[in-house]
Amino acid sequence: MIVVGLTGGIGSGKSTITKIWEDLGATVIKADDLAKQLMVSDTVLIQSIKATFGSGAYLENGELNKPFLAKEAFENGRVDELNKLVHPAVYRWFQEQKQLEEQKGTRVLVREAALLLDKGRPNDFDVIVVVSADDDVRVKRVVNRDRMDEKEIQARMSKQLSQNKMRELADIVIENNGDLTKLESTAKHVFQELLKWPR
Ligand code: ATP
């Protein structure tokens, strides 16, 4: 099995590519919501958050007490403390998934995440694929998709790692300035490369 990290800026085409790869047999894990999910489902993580931040971090029904934790993390400067608990849980979960997928006979496991390269190139992937498109193209696509304000999209873009930096850290770059037919053919071609990738 080959483990692929797929990333790119807002509106670059990550989800579109993962759909194409799923149709070709890949298993895709969307990582952006993973931490939030684990904070309410991973018993080890839940216990460690309660031990560090107090039982007030959770509501009686087991949901996260978001205002409480946001205040602790951001107003009381405890973001790093929280990350030190959450990151290992995400790591553990991903290792377990890898094993399960391997047992199932999956050939290509993809983790799709907007934040993948912000702390440099992670070690847990065999291949890093970056999808890239010009800023104006991405803005138009996201406006169409989400009816979001252009300025807000640009503001989000400016907070993300630059596409140039992402490209530097990539093994494969998928250019997505063309139409959907072009993207589909490139994505299919890259998938064939992934199947042959040395591991
Ligand atoms: P985000 O980071 O915001 O979740 P993303 O990287 O997952 O975005 P997609 O959702 O795949 O990006 O693409 C953004 C929008 O642009 C979608 O509506 C998608 O259908 C469209 N799109 C992607 N690639 C193309 C293309 N080559 N031609 C036309 N539309 C495209």
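Which helix or strand supplies the largest share of the shell around the ligand? The largest share, 3 residues, comes from α1. The model is predicted: local features need pLDDT of at least 70, side-chain atom pairs count only at pLDDT 80 or more, and totals for chains, interfaces and linings use all residues. Residues are numbered from 1 along each chain as its sequence is written, and side-chain values use heavy atoms, with hydrogens and water left out.

**Overall fold**
- The protein has 9 helices and 5 strands; helices (H or I, at least four residues) and strands (E, at least two) are DSSP runs numbered from the N terminus.
- Along the sequence the pattern reads β-α-β-α-α-α-α-β-β-α-α-α-β-α.
- The C-alpha trace spans about 50 × 45 × 30 Å along its principal axes.

**Ligand shell**
- The ligand is surrounded by 15 residues, where a residue is near a molecule or strand if one of its heavy atoms lies within 4 Å of it.
- The closest are Lys-14, Ser-15, Thr-16, Arg-145 and Asn-176.
- At least two shell residues come from each of α1 (14-23), α6 (135-146) and α9 (180-196).
- The shell holds 3 nonpolar, 8 polar and 4 charged residues; Ala, Val, Leu, Ile, Met, Phe, Trp, Tyr, Cys and Pro count as nonpolar, Asp, Glu, Lys and Arg as charged, and the others, Gly among them, as polar.

**Atom pairs at the ligand**
- A polar side-chain atom of Thr-16 lies 2.5 Å from an oxygen atom of the ligand.
- The side chain of Arg-145 has an N or O atom 2.7 Å from an oxygen atom of the ligand.
- For Asn-176, an N or O atom in the side chain is 2.7 Å from a nitrogen atom of the ligand.
- Taken alone the ligand exposes 630 Å², of which the protein buries 77%; accessible areas come from the Shrake-Rupley method with a 1.4 Å probe.

**Sheet**
- The 5 strands form an open sheet in the order β2-β3-β1-β4-β5, with parallel pairing; two strands pair if DSSP finds at least two bridges between them.
- β2 (27-30) and β5 (172-175) stand at the edges with a single partner strand each, so one side of each is left without a neighbour in the sheet.
- Strands β1 (residues 2-7) and β4 (residues 127-132) run parallel and are joined by 4 bridges.
- Thr-7 stands opposite Val-130 in β4.

**Helices on the sheet**
- Helix α5 (residues 79-104) packs on the sheet and touches β1, β2 and β3 (108-112), contact meaning heavy atoms within 4.5 Å.
- The direction of α5 makes about 155° with that of β3; axes are lines fitted to C-alpha atoms, for helices over the stretch in contact, and angles run from 0 to 180 degrees between N-to-C directions.
- α9 also packs on the sheet, touching β1, β3, β4 and β5, and its direction makes about 165° with that of β5.

Note on methods: A polar contact is a pair of N or O atoms within 3.5 Å; within protein, one must be able to donate a hydrogen and the other to accept it, and residues adjacent in sequence count only if both atoms are side-chain atoms.
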